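Let's learn to read a structure together, one feature at a time.

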Number of protein chains: 2
Amino acid sequence: MRKQSVSTIRDVARAANVSTATVSHVFNDTRPVSEATRQAVLDAARRLNYRPSAIARSLTTRRTYTVGVVVADVLNPFFAGIIRGVEDLLWQQGRSLVVCSTDEQPEKEAYYLHLLLERRVDGVLVAPTGADLPVYAELQHHHIPAVFIDRRPPQPWGPTVETDNVRAGYAATRYLLDRGHTRIAILGRHQALSTVTGRFAGYRQALAEADITPDPSLAVTVDSHQEAALQGTLALLARRDPPTALIAANHVMTLGVVAAMRELGRQCPRELSFIAFDDLPWLALVAPPLTAVRHATAEICRCAVDLLMAAMNGQSTERNGTANYPIVTLPAELIERASCAHLDKAC
Amino acid sequence: MRKQSVSTIRDVARAANVSTATVSHVFNDTRPVSEATRQAVLDAARRLNYRPSAIARSLTTRRTYTVGVVVADVLNPFFAGIIRGVEDLLWQQGRSLVVCSTDEQPEKEAYYLHLLLERRVDGVLVAPTGADLPVYAELQHHHIPAVFIDRRPPQPWGPTVETDNVRAGYAATRYLLDRGHTRIAILGRHQALSTVTGRFAGYRQALAEADITPDPSLAVTVDSHQEAALQGTLALLARRDPPTALIAANHVMTLGVVAAMRELGRQCPRELSFIAFDDLPWLALVAPPLTAVRHATAEICRCAVDLLMAAMNGQSTERNGTANYPIVTLPAELIERASCAHLDKAC
DNA sequence: CTGTTAGCGCGTTCAG
DNA sequence: CTGAACGCGCTAACAG
């Protein structure tokens, strides 16, 4: 077998004695072709192992059938879920998905967005790091729509789909208040993301509504590592007046809290009631099962993809002057499990 | 601001009073350009918001700087880890990564590989479903190298990088044997993947070496869902002669086993010693901490990417006649934790 | 129903 | 050090 090069549409056209246009139309079903020539084309294509080049096609159609997904970390189960959800939705449209992990670094976010811009993806789904990057304007200039997921961008560069963090933080706190807790702590990452601030705001709001003067030292922020979360929890529980309940504002925090409880040999919920943000299978399997706030991941994906499609198929990104992008806020669900106890009134 | 279209290399050339060739060379640093014109070009580019089109570039260079990664499921933490590792390695080369989840369905695998083929990715990393797909030959025909990860392809269509499943299965079983267990069960998915068969083979080998006549009914295979794993475990533990130790051959199995233990109120390791394949943070945090087999994920990624790069930069896929592709087998690590107890001789 | 042809935006010879 | 011109593989007008 001699070194056969990859064959092009022209090779097929020659082999089938038709024009390249006909071949194109056979493959794209974009205008009627007589059955005879159609078969001839398909035969020739099969013989030559022909596969149309999406690159060449993209050059003329100005569509890549690809979208970029920029998240903090694919390894984080929450984002893995987002990616999976988006992939399934896009799959049906023949679109593929290039994934990028920023590790919460604005430089990496900018780098990846530039990459996606050069590749001329049809659109991007971004969980922004929070920095106000010039690349957002560039994307807009190049008519590449962006939809923000999970967190709000620093400026309204596009529609946003997020969990109702305020309400979720409120609901979790309220749930604990209803069980008699007054000294409730919350542990989150030390970062100005809308997720964090929202959850903390809901927490404070619930306390205020219950006429509890919030103790600022019970709202703890740490670096986004399990170890930091562990140390933060240890410090919290070592106080003379430790909290009776604790909310972990994301999954990494949850791991740290559980590690701390284990290290101290503290029992949950007898010695500390606990609510975890981000639900995962294992939370239901430990002793005690952990109460958790579950994101509406499927809805987030569906909504984000819908918005992106609308922007991609619709006219331009900027409709008339300054567009007013929607912020879609989806409710989270509190999954009740055994990790929250009623506090005796006596306390 | 009027509707300004996206500017091309020609616009930049005009604006800078140079030829398109010069602009190209400025951006790619591919031949000396006088500092004056260089600046003029960069200025013009900045003014026009110019970004080179990777599509047009790919059409001439025949390189997309993109690789496809086909796995069973991005949501599976093992594969998420693979993707993250590969992404980090590729990132430094300016390559991006399109991810595809097959859900173990050969049709989906074929579909995605065709998609990647049309997109002319520089190479693919595949965790095959096990089916012998014609698309493998097509990839080869189109000189798109494939490297297989985690599982072996049905035919040697490319190099493979995998965990040493036999040794890992052997080590886990041996570990339990050393602690006095003789009735050891293993629970895996019901599927003819090299991962499963390897782990089961190692299990049988260890038993044979210990002169234990293996009880086939202790090697259980079920569908790859937590519920099926749960049922399988329940059945195993409901026997008149239940095993004293159990190995879960992957993470889904682990979830099912833990759920079953919880449902039965069985204590680990007092009533059942347990080893989990696939290590995750939470395994160390439950009571008791779960002994686990940890894959050398980082090494798998490094090795797979190295092999892929070699194939992409090297000449063609088929060097001389039938290439002989290596199968790289990387050792897993047994992480000792408290979930395995010594069995009293008396038993 | 089918063919011709002109780009799409870039890299890359070959001349100068 | 620079420019002109061709081609990558395909789609989209326009003819027929």
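**Where the chains meet**

A: Let's start with one pair in this predicted model: B:Glu138 forms a salt bridge with A:Arg51, and their closest N and O atoms are 2.7 Å apart. This is a predicted model, where local features need pLDDT of at least 70, side-chain atom pairs count only at pLDDT 80 or more, and totals for chains, interfaces and linings use all residues. Residues are numbered from 1 along each chain as its sequence is written, chains are lettered from A and ligands numbered from 1 in the order in which they are written, and side-chain values use heavy atoms, with hydrogens and water left out.

Q: How many salt bridges are counted between chain B and chain A?

A: A salt bridge is a side-chain nitrogen of Lys or Arg within 4 Å of a carboxyl oxygen of Asp or Glu. Between chain B and chain A the count is six.

Q: Which helix of chain B gives the most residues to the side that touches chain A?

A: Helices (H or I, at least four residues) and strands (E, at least two) are DSSP runs, numbered from the N terminus. Here α5(B) gives the most, with eight residues. That side of chain B divides into 33 nonpolar, 16 polar and 15 charged residues; Ala, Val, Leu, Ile, Met, Phe, Trp, Tyr, Cys and Pro count as nonpolar, Asp, Glu, Lys and Arg as charged, and the others, Gly among them, as polar.

Q: Is B:Thr173 buried or exposed?

A: Buried means under 20% relative accessible area, exposed over 50%, and partly exposed in between (1.4 Å probe, protein chains only). B:Thr173 is buried, at 0%, and lies in helix α8 (residues 165-178) of chain B. Contact means heavy atoms within 4.5 Å. Leaving aside neighbours within four places in sequence, B:Thr173 is in contact with B:Ile184, B:Tyr203, B:Ala206, B:Leu207 and B:Ile247.

Q: What should I look for in the backbone?

A: Most residues other than glycine have a negative phi, and most peptide bonds are trans. In this model, A:Asn17 has a positive phi near 60°; A:Asn17 sits in the loop between α1 (9-16) and α2 (20-28) of chain A and is exposed, with a relative accessible area of 73%. A:Tyr65 also has a positive phi, near 55°, and is partly exposed, at 35%.

Q: Where is B:Pro269 found?

A: B:Pro269 is in the loop between α11 and β9 (273-277) of chain B. The peptide bond from B:Cys268 to B:Pro269 is cis, with omega near 5°.
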